[in-house]
Amino acid sequence: MATLNIPSSGAIDLLALGALVHRLDPGAVPFRKASACAIHVSGGEFNCAANLADCFGMRTAIATAMVEYPVGDLIAGQVRAMGVAPFYKMFAHDGVRGPNMAAVYSDRGFGVRGPVVFYNRSNEAAAQLKPGDFDWKAIFGNGVRWFHSGGIFASLSPTTADLTIEAMQAAKAAGAVVSFDLNYREKLWRASGDASRAVSVLSRIVEHVDVLVGNEEDLQKGLGIAGPQVAAASKLDPSAFLETIERVVKRFPDMKAVATTLREVHSTNRHGWGAVAWVDGRTYQAPACELDVFDRVGGGDGFASGFFYGLLTGEPPQEAVRLGWAHGALLTTFPGDTTMATVEQVRAFAKGGSARIQR
């Protein structure tokens with residue numbers, strides 16, 4: 001059985017590789033009726049680095065594309081504000097067509113009306129990133145404890161998938177733990193060629209991964225893993241996910257941990273919330289609670305970053321799952337994709353908090 005070994009020290013606690021985006025958020029108003037939007041800086045991979053730095057006080061960094069134009073300036077300012085060190089591959093904007101920093105549009109929905117997400121990733125700078133764009137030897141040379149990337153970045157182009165593997169190989173050579181959030185997005189895979197590409201591309205990447213984050217749909221559609229033979233009694237029942245993990249570990253025997261959130265959507269603003277993880281051959285589960293959701297985007301990244309924090313700080317796996325569960329829950333109570341929680345709030349909620357726990 002493979003065992004998770006995390007370096008005890010390093011100049012960077014977590015390095016992420018991914019695309020930075022700006023999300024335009026009109027709140028509960030549908031875009032076709034919107035007259036104003038908030039702007040949130042985001043990115044599935046960046047969110048974990050930002051959460052770990054801002055809430056948990058860890059030293060984090062992001063390797064990504066940056067475009068020299070006002071939208072890039074806005075995004076880079078928020079990266080600095082969240083305390084994340086940047087390793088940028090710079091691109092010049094031609095003033096007309098780009099390359100661009102991607103835009104994500106996401107209204108929040110309300111009640112029986114679900115959120116709607118769509119993209120403008122046309123001529124996206126991050127999709128042009130390729131092997132050789134970053135000096136991994138220099139970046140990892142000062143010590144990186146944990147490397148993280150995800151399926152959103154891998155889906156953008158064939159070269160981003162190749163770059164992810166190059167970075168993972170460098171991380172492994174430097175002794176860092178490698179994590180990956182499958183974050184399966186059918187729209188993105190379909191736009192980059194064919195949704196069926198996901199299985200071959202992600203399977204090639206996951207061969208290098210120690211810690212995998214992904215729900216049942218991610219595992220089935222992203223990796224082609226067969227689903228459970230018997231459906232779970234509810235979305236908060238981990239039995240189906242744990243059955244699927246057995247197939248994941250059989251196919252990827254070097255895997256040390258697999259984790260996911262469990263979410264039952266009663267309405268846009270009311271969710272059942274849980275989490276489960278398999279670590280070094282044992283399973284751990286967080287309690288279930290009911291969430292009043294303000295903005296659901298980023299909740300999964302909130303779980304992943306809290307879970308990583310627990311493991312990076314030497315907490316037992318059970319406590320790491322609870323910390324991830326607690327932070328993900330709190331993140332849904334804030335606007336935007338990244339955290340506004342404090343570590344004290346996370347630890348208090350992980351111990352029981354003020355939400356009614358259903359044991």
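A pocket is an open set of grid points with protein on both sides within 12 Å along at least five of seven lines, and its lining residues have an atom within 4 Å of a point. The model is predicted.

Q: Which helix gives the largest share of the lining of the second largest pocket?
A: The second largest pocket has a volume of about 170 Å³. Its lining includes Y119, R121, K187, L188 and A191. The largest share, three residues, comes from residues 186–191, helix α6.

Q: How many charged residues are in the lining of the second largest pocket?
A: Among the residues that line this pocket are R121, E124 and K187. By class, the lining has five nonpolar residues and two polar ones, and the charged residues number three.

Q: Which strand gives the largest share of the lining of the largest pocket?
A: The largest pocket has a volume of about 1,500 Å³. It is lined by 49 residues, and N183, R185, N215, R263 and R296 lie nearest its centre. Five residues, the largest share, come from residues 257–267, strand β11.

Q: Which strands are the edge strands of the open sheet of four strands?
A: The order in this sheet is β3-β2-β6-β7, with mixed pairing. An edge strand here pairs on one side only, and this holds for residues 38–42 and 116–120, which are β3 and β7.

Definitions and conventions:
Residues numbered from 1 in each chain as written. Predicted model: local features only at pLDDT ≥ 70, side-chain atom pairs only at ≥ 80, totals over all residues. Heavy atoms only, no water. Pairing = 2+ DSSP bridges. Helix = DSSP H or I, 4+ residues; strand = E, 2+ residues; numbered from the N terminus. 1 Å grid on protein atoms, 1.4 Å probe; cavity = no way out; pocket = protein on both sides within 12 Å on 5 of 7 lines; lining within 4 Å. Points joined across faces, edges and corners; volume = space filled by probe spheres on them. Nonpolar A, V, L, I, M, F, W, Y, C, P; charged D, E, K, R; others polar.
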